[in-house]
Amino acid sequence: MAVMINNHNYARKNHSGLQDAFVIYEMIVEGGITRLMAIYKDKETDRIGSVRSSRHNFLDYASEYDAIYVHFGWSNLAKKDISSFGINNINGLYDNKGFWRDKSLKVPIEHTAFTNIERIIEVAKEKEYSLTTEKKIPLHYQVYPISLEKKEDAIKADKIVLRYSNYMTTSYTYDAENKVYKRYANDVEHVDAITKEQYQFKNIIVMKVKNYSVDSYERQNLDTVGTGEGYYITNGYARKIKWTKESRTGDTIYTYETGEEVLLNDGNTFIQVQPISEKTIIEGVSSDS
């Protein structure tokens with residue numbers, strides 16, 4: 001299940017259930033803001049959100065997991081692509097049973113929609129969506145611990161700063177004791193509203209992509225098809241990688257500059273789809289591309 005998560009400043013303090021996602025994507029949408037897509041499997045998370053509307057490029061990655069796509073509204077491009085790609089989706093505009101509004105939050109109404117796994121499954125069954133898939137996920141995990149430290153191209157990665165726009169910068173600091181990366185949004189700890197714990201991730205993948213406006217609202221299109229550069233980051237070190245995607249519904253393939261496949265450490269993963277024009281800083285090492 002791939003759930004669209006509102007990442008507006010008003011909404012972020014009420015984020016719930018993201019730690020249960022095994023993969024999360026962050027991408028720029030419009031006005032400099034970003035949106036998240038959290039992907040769940042084998043969990044019973046009882047509060048996820050807040051949920052926001054679909055943007056078309058997220059479908060490029062939801063399809064890689066054959067996921068049921070959960071959103072509250074859509075852009076015109078997203079509406080068109082959901083239909084043309086044949087994506088099983090649950091939309092809060094029509095599937096009221098799948099969501100609720102938390103009216104106790106002191107934020108505008110558009111930032112108050114939440115869902116949970118039980119409701120998603122209930123609506124999916126009513127729509128006769130399959131709850132299983134034969135498709136393998138595009139990320140390849142390794143049973144044994146992966147250390148990048150001894151690789152010739154390894155970069156020490158105790159802090160990562162990923163600028164998306166004047167409005168949004170995502171960053172991480174490495175917790176060497178627990179071997180995870182703790183997440184920040186605009187230099188503030190990114191904390192779950194229910195557990196009060198800071199979100200943390202085992203793996204970070206940075207993908208650099210070109211983006212540009214497609215309408216008067218400055219909604220963005222991202223060049224997700226083709227090839228590009230990025231980084232794989234885990235256990236305190238980073239290596240440069242290359243990503244390749246042959247079609248919008250095809251899987252993204254991650255390789256090192258040597259051509260070797262990128263294998264991930266067991267644990268949750270955050271995929272940062274970052275504008276190619278913005279800086280990536282890894283412990284003081286910066287790159288514009």
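Predicted model: local features only at pLDDT ≥ 70, side-chain atom pairs only at ≥ 80, totals over all residues.

Q: Why is the pair of Y25 and Y65 called edge-to-face?
A: The ring centres are 6.2 Å apart, and the planes meet at 80°. Y25 sits in strand β2 and Y65 in the loop between α2 and β5, 40 residues apart.

Q: What makes Y25 and Y65 count as buried?
A: The cut-off is under 20% relative accessible area. Y25 has 0% and Y65 has 7%, so both pass.

Q: And why is the pair of W100 and F114 called stacked?
A: Here the planes are 25° apart, with 6.3 Å centre to centre. Stacked means under 30 degrees, so that's the word for W100 and F114.

Q: Are W100 and F114 buried or partly exposed?
A: W100 has a relative accessible area of 22%, which falls between 20% and 50%, so W100 is partly exposed. F114, at 0%, is buried.

Q: How do you know that the buried residues of α3 are on the same side?
A: Those residues are A78, D81 and I82. They cover an arc of only 105° around the axis, so they share a side of α3. The face turned away carries the exposed N76, K80 and S83.

Q: What makes R239 lie over the face of Y256?
A: R239 is 3.7 Å from the ring centre, and the distance limit is within 6 Å. K156 sits over the ring of Y237 too, 5.0 Å from its centre.

Conventions:
Residues numbered from 1 in each chain as written. Heavy atoms only, no water. Buried < 20%, exposed > 50% of the residue type's maximum accessible area, 1.4 Å probe, protein only. Helix = DSSP H or I, 4+ residues; strand = E, 2+ residues; numbered from the N terminus. Arc of directions from axis to C-beta. Phe/Tyr/Trp six-rings, centres within 6.5 Å; stacked < 30°, edge-to-face > 60°. Lys NZ or Arg CZ within 6 Å of the ring centre and 35° of its normal.
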